[in-house]
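This short report is meant for a reader meeting the structure for the first time.

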Amino acid sequence: MAGDVVEVGPQVENVKVGDRVACHFYLTCGTCSFCRSGRETLCEQFGGYLGMAADGGYAEYLVVPARNVCRIPNGVSYVEAAIAADAIATPLHACREEARIGPGDKVLLVGAGGGVGIHAVQVAKLCGGWVLGADVTDEKLEMVARSARTR
């Protein structure tokens, strides 16, 4: 999700009213050992997801903890920022932090033609991996091949 900040709480310092922001959708504590080590999905006090445990992107307004938003740089659209906050951040974390893909590593991406998978192909290649994409249709595999050639 992405949008404009219309109000902030008294202790919020990272954004101000009028800032364009993108939202991280995991509601986490930010202080447990999992959160501090970049493994927020294992948060000991996990509060759910925006859009399920709290209002999400279809709401006119939503309330999120300040740690769940980051400012969108000039020149980046709301759509691009929303995509980056999910479909690009997820494979970036998986490829760099979890799999630690490096030059010459062989990578099999199952579901490579999906919304997150196609970005994972690109990120794995940027990390130096040799990527083999698997999916269920020729159309998706052709898209994966085009994506892999152009990155």
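## Terms and model

A residue counts as buried when its relative accessible area is under 20%, and by that cut-off C35, with a relative accessible area of 9%, is buried. The model described here is a predicted one.

## The nonpolar cores

Which residues touch the most other members of the largest nonpolar core? Within this core of 13 residues, that position is held by C95, I101, V107, L109, V121, A124 and V131. The strand β4 (106-110) and the helix α3 (117-126) each supply at least two residues of the core, and α3 gives the most, with 5 residues.

Leaving aside residues up to four places away in sequence, L109 touches A120, V121, A124, V131, L132, G133 and A134.

## The cysteines

How many disulfides does the structure hold? The number is 0. A disulfide is a covalent bond between the sulfur atoms of two cysteines, and here a pair is counted when the two sulfur atoms lie within 2.5 Å.

For C35, the closest cysteine sulfur belongs to C43 and is 3.7 Å away, so the distance is too far for a bond. The sulfur of C95 likewise has its closest cysteine sulfur in C127, at 5.4 Å, which is too far for a bond. C95, one of the core residues named above, is buried, with a relative accessible area of 6%.

Methods
Residues numbered from 1 in each chain as written. Predicted model: local features only at pLDDT ≥ 70, side-chain atom pairs only at ≥ 80, totals over all residues. Heavy atoms only, no water. Core = buried A, V, L, I, M, F, W, Y, C linked by side-chain atoms within 4.5 Å. Buried < 20%, exposed > 50% of the residue type's maximum accessible area, 1.4 Å probe, protein only. Helix = DSSP H or I, 4+ residues; strand = E, 2+ residues; numbered from the N terminus. Contact = heavy atoms within 4.5 Å.
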